Amino acid sequence: MLLNILINGLIVGGMYALLAVGFALIFSVARILNMAHTAFYMVSAYVIYIGTSVLHLSLFPSIALAILSTVILGVLCFYLFFDRVKEHEFAVMIIAVALASLFQEILLLTFGGTILAIPDFAQGFIDIGGTNVSYQHIFAFLLSILILVMLWVVLSKTNLGSAIRAVAQDSEIANLMGIDVRRIYVIVMAISVGLAAVSAAVMGPIYMISPLMWGQPLVIVLAAVVLGGAGSIGGAVIAAFILGYVESFVVFMVPGGSFLGGAASMVVMILVLLIRPEGLFGVHFEEERL
Amino acid sequence: MRGHLFLFYRWLRGEVLSIPGRVIALVFFIGLFLLPVVTQEPYYLRIATLAIIFALFAASWDVLAGFAGQLNLGHGLFFGVSAYAAAFVNINLHWPPWITIPIGAVAAVLVGLIVGIPALRLRGMYLALVTLSFPLILIGLVFVFSDVTGGELGLFGTSVLSSSRVASYYIIAVTFTICVFAMYKFTDARSKYLRIGVLLHALREDEITARASGIYTTKYKLLAFAVSGFFAGIAGGLYTHYLRIAGPSTLELFFSFNALLWSIFGGLGTIYGAVVGTFILYPLTEVLSLFDLGEKIRFVVLAVVLISTLLFMPEGIAVWILDKIEVKCPRCKLVNVFWRKRCRSCRADLYPEKTKIKELL
């Protein structure tokens with residue numbers, strides 16, 4: 001049982017981290033609370049489904065297609081909607097929710113409410129200390145870690161990364177230093193949506209695909225960003241792992257726990273906001289709280 | 001007697017008939033109360049009744065979000081808690097609706113105060129996230145304790161408001177009128193009797209400055225949560241006694257977003273905007289769902305309406321229309337109909353720029 005929780009928490013946490021890090025990125029850089037983040041993840045999962053089942057491509061070309069089309073969609077949404085109301089945080093948030101439900105309804109119209117599946121990377125499972133772990137889970141975990149490391153390298157070692165961090169710290173000063181802030185926003189939006197698309201490829205075969213699939217991970221992602229601390233990308237990753245463990249623990253240990261998986265994350269989020277509103281690793285920001 | 005009538009007529013002409021917004025409100029309420037005289041078709045009555053309940057719900061959201069500036073993304077929490085509380089008391093203790101609805105509203109006020117406590121420490125997006133999470137937690141609990149809450153089916157079999165459909169309609173319509181008027185007066189920043197309206201404006205515009213000016217913001221924030229919860233609770237109680245069911249659908253995020261959609265479409269920070277928005281959009285959704293295609297695309301339509309409102313008409317449709325048909329006198333600040341050239345009281349020129357241009361030509 002303990003090993004079950006340990007392994008499951010690690011894998012689930014890795015997948016949540018991949019989703020949360022993209023969300024935290026656009027939030028900390030452009031102050032856009034993109035509630036449609038997991039809706040992009042859903043769109044990408046559907047594009048993979050179209051690629052494999054309708055166009056009969058093999059898995060990797062359809063994943064590439066999914067990432068490309070989701071990134072284009074995300075950048076389009078940025079130019080058409082977010083960029084225009086960026087000054088009003090509430091309007092951004094509400095527009096994002098409306099966009100998410102728009103995607104949901106369009107997918108519901110095209111594919112119906114039926115649950116669909118996309119193929120695994122690999123079949124079969126391996127036995128670790130009496131617990132069956134499928135190759136897909138291991139692959140998901142390794143790929144998540146790989147992408148997180150790549151993102152870390154980009155953010156901390158390249159010129160683009162320092163520009164992004166500069167904009168996140170103070171966009172006005174960054175602008176004065178000759179950084180094209182709007183271009184950085186677009187790039188970050190593309191990276192963020194691209195990460196959502198990759199997580200669709202990773203998580204899609206594990207969780208089934210349906211037009212309602214964006215709600216549950218959104219809750220986790222929001223909780224992860226709050227727990228990790230706004231503006232801290234590493235914090236979001238660690239928080240995602242913590243929430244993965246919390247969820248596994250609740251699902252395995254509490255009776256009726258499968259209904260409470262999302263609620264547990266929400267309770268964690270509220271407790272964090274009440275006890276330490278700046279999160280685990282966030283900077284203490286005076287104007288955000290009273 | 002004749003003198004009183006004459007005074008009433010003069011008041012009516014001066015304070016109501018010469019201000020377009022108030023004429024529209026008067027016509028709206030007369031229409032609301034004459035509807036059962038015109039038609040008693042159950043389908044129309046049902047749409048009208050639900051529109052009234054939802055308008056009350058949307059208006060109570062507006063008190064919190066539009067006036068106090070506390071963006072509440074989980075407003076369905078108040079509605080749902082009240083619906084469940086009223087249904088629970090009604091089914092188990094067989095108390096009549098006129099007791100259970102206030103009980104539900106009080107339950108919603110208590111919940112509003114509980115939600116309001118984190119709101120004292122948080123603001124902006126963080127508050128929105130917390131309010132978003134409460135109904136999600138509650139919905140999880142509803143499913144876990146399904147022997148008390150009825151699980152997915154909810155609690156059903158609550159007693160009706162009145163055995164006759166028309167009487168139920170009038171009970172709901174009268175409650176709605178009183179509640180909306182109360183909310184309008186409560187939030188009125190120009191009120192001579194209540195300070196709260198202008199304090200809420202101050203709270204929304206700049207909380208730190210409001211505190212620096214000696215306003216105890218904690219008290220007024222909690223008050224806004226309690227008042228908003230109370231009226232949403234009344235709407236929830238009416239809903240459960242009208243449809244005879246209290247189900248988990250009232251706690252779903254989609255239901256909360258409805259309030260947001262209606263209020264923003266009508267106009268944020270004006271109680272009448274929420275009412276206008278609901279009375280336009282809710283019947284529209286119902287009409288759309290009559291058709292096969294409309295049934296499928298109605299949520300797409302609503303999402304597009306919300307996005308385009310925020311992008312192109314952020315002040316909302318009610319305010320937009322009022323701006324077009326009302327002109328404020330530049331000298332005495334009295335409201336006039338747009339076709340007047342001179343103010344009805346002080347005879348000042350209502351459109352000084354236009355006259356100037358004409359003189360120049």
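B:Arg244 is partly exposed, because 16 other C-beta atoms lie within 10 Å. A residue counts as buried if 20 or more other C-beta atoms lie within 10 Å of its own, as exposed if 12 or fewer do, and as partly exposed in between; the C-beta atoms are placed from the backbone. This is a predicted model, in which local features need pLDDT of at least 70, side-chain atom pairs count only at pLDDT 80 or more, and totals for chains, interfaces and linings use all residues. Residues are numbered from 1 along each chain as its sequence is written, and chains are lettered from A and ligands numbered from 1 in the order in which they are written.

B:Arg244 sits in the loop between helix H11 (217-243) and strand S2 (245-246) of chain B. Helices (H or I, at least four residues) and strands (E, at least two) are DSSP runs, numbered from the N terminus. The phi of B:Arg244 is near 65°, a positive value in a residue other than glycine. Most residues other than glycine have a negative phi. In chain A, A:Arg31 has a positive phi of about 55° although it is not a glycine. A:Arg31 lies in the loop between helix H1 (2-30) and helix H2 (37-54) of chain A. A:Arg31 counts as partly exposed, because it has 17 C-beta neighbours inside 10 Å.

Chain A holds 11 helices and two strands. From the N terminus on, its elements run α-α-α-α-β-β-α-α-α-α-α-α-α. The radius of gyration of chain A is 19 Å, close to the 19 Å that the globule rule gives for 290 residues, so chain A is as compact as a globular protein of that length. The radius is taken over C-alpha atoms, and the globule rule is 2.2 Å times the number of residues to the power 0.38. Along the principal axes, the C-alpha atoms of chain A fill a box of roughly 55 × 45 × 35 Å. Of the 290 residues in chain A, 51% are buried. Two residues are in contact if their C-beta atoms, placed from the backbone, lie within 7 Å. Among contacts in chain A between residues at least 6 apart in sequence, 73% join residues at least 24 apart.

Chain B comes to 16 helices and four strands. Its radius of gyration is 22 Å, close to the 21 Å that the globule rule gives for 361 residues, so chain B is as compact as a globular protein of that length. The C-alpha trace of chain B spans about 80 × 55 × 50 Å along its principal axes. Buried residues account for 43% of the 361 residues of chain B. For contacts in chain B between residues at least 6 apart in sequence, 69% join residues at least 24 apart. Chain B is divided into domain 1 (1-27), domain 2 (39-253) and domain 3 (329-361). These bounds come from an automatic or database domain assignment. The C-alpha centres of domain 1 and domain 2 of chain B lie 33 Å apart.

The two chains meet. In this interface, 30 residues of chain B are in contact with 35 residues of chain A. On the side of chain B that touches chain A, helix H5 (97-121), helix H6 (124-144), helix H12 (253-266) and helix H14 (292-312) of chain B each supply at least two residues. H6(B) gives the most to this side, with 12 residues. The residues of this side of chain B divide into 23 nonpolar, three polar and four charged. Ala, Val, Leu, Ile, Met, Phe, Trp, Tyr, Cys and Pro count as nonpolar, Asp, Glu, Lys and Arg as charged, and the others, Gly among them, as polar.

Within chain B, H12(B) packs against helix H13 (residues 271-288) at an angle of about 110°, with their axes 7 Å apart. That makes H12(B) roughly perpendicular to H13(B). Axes are lines fitted to C-alpha atoms, for helices over the stretch in contact, and angles run from 0 to 180 degrees between N-to-C directions. Angles of 65 to 115 degrees count as roughly perpendicular, under 35 as roughly parallel, over 145 as roughly antiparallel and the rest as oblique. The contact of H12(B) with H13(B) has seven nonpolar, five polar and no charged residues. Among them, B:Trp262 and B:Phe265 are in H12(B), and B:Val276 and B:Leu281 are in H13(B).

B:Val63 is found in helix H3 (residues 42-67) of chain B. B:Val63 is buried, because 28 other C-beta atoms lie within 10 Å.
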